[in-house]
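Please examine the sequence and the structure shown below.

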Amino acid sequence: MSYEELDTEELRTRAAEIRARFPEGRERSALLPLLHLVQSVEGKVTPNGVRFCAEQLGITRAQVGAVATFYTMYKRRTGGKHLVSVCTNTLCGMMGGDKTYKALSEHLGVGHEETTEDGSITLEHAECLAACDYAPVLTVDYEFYNNVDEEKGLEIVKRLQAGEIPMPDRGATPAGLAGIGEQLAGYGDGRPGAVAENATGEPTLRGARLAADHGISVPGFDPNTPIPSKQEGK
Amino acid sequence: MSPSQDVLNKLTPVLTKRWLSPDAWRINTYEKLDGYQGLKKALKAHPDDLIQLVKDSGLRGRGGAGFPTGLKWSFIPQNDGKPHYLVVNADEGEPGTCKDLPLMMNDPHSLIEGVIITCYAIRAERAYIYIRGEAVHAARRLRNAVAEAYARGYLGRNILGTGLNVELVVHSGAGAYICGEETALLDSLEGFRGQPRLKPPFPATHGLYSSPTVVNNVGTIASVPYIVLGGVDWWRQMGTEKSSGPMIYSLSGRVVNPGQYECTMGITLRELLELAGGMQPGHELKFWTPGGSSTPMFTAEHLDVPLDFDSVAAQGSMLGTTATQIFSDQDCPVYATYRWIEFYAHESCGKCTPCREGNYWMVRILRRILSGQGTHDDLDTLLDACDNLLGRSFCALGDGATSPVTSSIKYFKQDYLDYIEGRTKPLLDARELVGAH
């Protein structure tokens with residue numbers, strides 16, 4: 001994509017909307033969302049994407065590049081249609097995540113941050129995805145699959161390779177990497193119903209459910225309890 | 001076996017209660033379940049009285065450090081002519097921690113309501129929720145809720161006709177654990193690499209854009225509406241004298257029913273395990289983290305330590321994020337430590353030499369030990385590296401990295417020696433390693 005193809009009226013409008021989220025003179029704060037935005041258009045952060053951010057914020061390309069290379073979610077190589085991330089941090093890894101990652105890597109014939117020849121999947125091993133009560137976990141385009149062993153992991157990627165999209169256990173239908181970038185840039189999910197798509201799993205609710213089943217609540221809650229005041233004349 | 005009544009009575013469903021209502025993330029349902037009542041009540045009070053209320057409640061930060069929340073708010077200089085900011089730290093990523101994302105998924109409005117009340121108390125007109133980039137599912141719900149709150153007049157200009165203005169932006173990160181550190185988060189939010197700042201000055205006076213800023217965790221801010229509604233006495237019936245209120249304990253690992261258990265602060269792991277159905281069959285508790293991987297590990301000896309800020313500290317660890325990762329006799333503490341250190345090595349931002357180099361070398365030493373090629377000197381070298389790390393970096397990431405190393409050598413030195421002296425079969429073949437990315 002040439003710079004002229006990237007630098008459209010539409011993208012400039014979006015960039016202005018993003019800058020407006022911050023106080024006047026503090027527009028540089030828009031850099032992370034802008035990088036997500038250009039990545040959603042080009043699939044990665046390219047020299048043109050860097051230039052677009054720099055021009056929109058009045059900073060140098062070197063300043064943009066320094067930031068883009070710091071964060072793992074900005075990709076410098078074209079990824080596949082879907083990003084499959086297997087948690088191999090300590091707990092998930094020891095409970096089976098390491099084995100699942102290895103099985104997926106062998107099946108797909110790719111390693112960390114590599115993309116399959118057909119362009120369907122980029123594989124990565126991820127650090128703690130903050131879903132340890134569902135360990136071991138895997139995400140597709142950052143949507144969650146719970147308690148994934150080798151078999152379940154292989155089924156997920158085989159279906160992705162066949163062009164199907166298996167529904168995640170938690171989160172919405174994987175949108176593909178391109179579809180996620182706009183949301184990361186701070187926009188709502190435009191797909192009808194996507195925000196409702198989610199099946200909260202039992203581990204999330206366990207404590208609350210246990211309390212409810214046994215009729216336990218914190219006694220004495222009175223929403224009209226006065227707020228003590230030291231202010232005169234209030 | 002179901003838990004005893006004594007242990008069941010330690011459950012305190014407050015922040016998690018609404019999660020059972022499947023549509024609580026929608027504003028209509030939220031409003032029916034006491035939603036935004038705390039805001040309406042708070043707006044009738046004087047902001048200084050709200051700060052005092054939160055001080056009196058004894059609420060301490062839920063993000064790991066446990067700093068008194070009301071005190072933090074009171075550090076914001078008033079009538080200084082500068083804009084004030086509230087920044088919510090939703091960059092959940094400490095290994096084992098998984099309490100904030102479910103809150104934002106299932107009850108996002110409680111966080112938004114807390115944000116508005118806090119802004120009113122500290123006189124801030126702008127708030128940012130910095131949410132971890134990978135948490136797309138939670139950010140989606142949160143952004144939807146923010147849009148709903150604007151449409152209902154809870155956010156924006158002249159909120160509920162009171163003249164209060166609050167603009168709230170949900171800002172996604174881009175994959176850097178270090179941004180969970182408050183000053184690195186601020187740098188990231190300003191559009192820079194997420195690297196920590198030297199403190200002092202603290203964010204209370206020089207935070208976002210060098211202006212007075214409160215940085216609080218999701219759970220801290222989401223607690224505020226309940227304190228406003230229920231009052232100090234109601235809140236303080238939960239927890240202990242110095243660690244008041246309920247806390248969401250996240251149980252993961254080798255337990256029958258892993259999950260989120262909101263309990264009175266000061267519950268023990270023995271009691272939590274009873275709630276969670278015990279250890280998985282065939283697994284015996286060997287080691288566990290009281291609050292994420294940055295808190296020194298505990299063993300079966302610590303089953304009865306009250307999990308509140310001071311009791312855990314007295315036993316040489318930290319309450320952290322109450323992320324109890326539970327490992328059994330079938331898990332190797334040396335391997336666990338190695339994987340955690342790989343994580344810290346990857347996530348070190350590189351600013352401070354002790355953290356950047358120390359973690360790099362500790363990974364190599366641990367790998368050597370696990371490959372059966374370690375020496376007795378390696379243990380001393382690891383401890384020496386930790387000595388050079390602890391307290392010698394700008395932020396707590398470096399300190400946190402020493403926790404698994406020193407605590408595992410303290411409690412499981414024999415496991416290290418068994419690799420070094422050839423009694424344990426090498427666990428790693430260097431070619432098979434799954435490294436941190």
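In this predicted model, strand β2 (residues 126-131) of chain B is joined to strand β4 (residues 164-172) of chain B by six bridges, and the two strands run parallel. Within this pairing, B:Tyr130 stands opposite B:His171 in β4(B). Strand β1 (residues 85-90) of chain B is likewise joined to β2(B) by six bridges, and these strands also run parallel. Here B:Ala90 stands opposite B:Ile131 in β2(B).

How many of the six residues of β2(B) are buried? Five of them are buried, so β2(B) is largely enclosed by the rest of the structure. The term buried refers to a relative accessible area under 20%.

Strand β8(B) is joined by four bridges to strand β10 (residues 323-328) of chain B, and the two run antiparallel. Two bridges join β8(B) to strand β9 (residues 298-299) of chain B, again in an antiparallel arrangement.

The table lists the pairings described above.

| Strand pair in chain B | Bridges | Direction | Residues standing opposite |
|---|---|---|---|
| β1 and β2 | six bridges | parallel | B:Ala90 and B:Ile131 |
| β2 and β4 | six bridges | parallel | B:Tyr130 and B:His171 |
| β8 and β10 | four bridges | antiparallel | B:Leu285 and B:Ser328 |
| β8 and β9 | two bridges | antiparallel | B:Phe287 and B:Thr299 |

As a general principle, the side chains in a regular strand alternate between the two faces of the sheet.

Attention now turns to a helix. Helix α16 of chain B comprises 14 residues, 376-389. At 1.5 Å a residue, the helix should span 20 Å, and its end C-alpha atoms are 21 Å apart, which agrees.

Which residues of α16(B) are buried? They are B:Asp378, B:Leu379, B:Leu382, B:Ala385, B:Cys386 and B:Leu389. Because these residues cover an arc of only 125 degrees around the axis, they lie on the same side of α16(B). The buried residues pack against two other helices of chain B, α15 (353-370) and α17 (396-420). By contrast, the face turned away from the buried side of α16(B) carries the exposed residues B:Asp377, B:Asp380 and B:Asp387. The helix α16(B) is followed by B:Gly391, which has a positive phi near 75 degrees.

Conventions: Residues are numbered from 1 along each chain as its sequence is written. Chains are lettered from A and ligands numbered from 1 in the order in which they are written. This is a predicted model: local features need pLDDT of at least 70, side-chain atom pairs count only at pLDDT 80 or more; totals for chains, interfaces and linings use all residues. Side-chain values use heavy atoms; hydrogens and water are left out. The expected span of a helix is 1.5 Å times one less than its number of residues. Buried means under 20% relative accessible area, exposed over 50%, partly exposed in between (1.4 Å probe, protein chains only). The arc is that of the directions from the helix axis to the C-beta atoms. Contact means heavy atoms within 4.5 Å. Two strands pair if DSSP finds at least two bridges between them.
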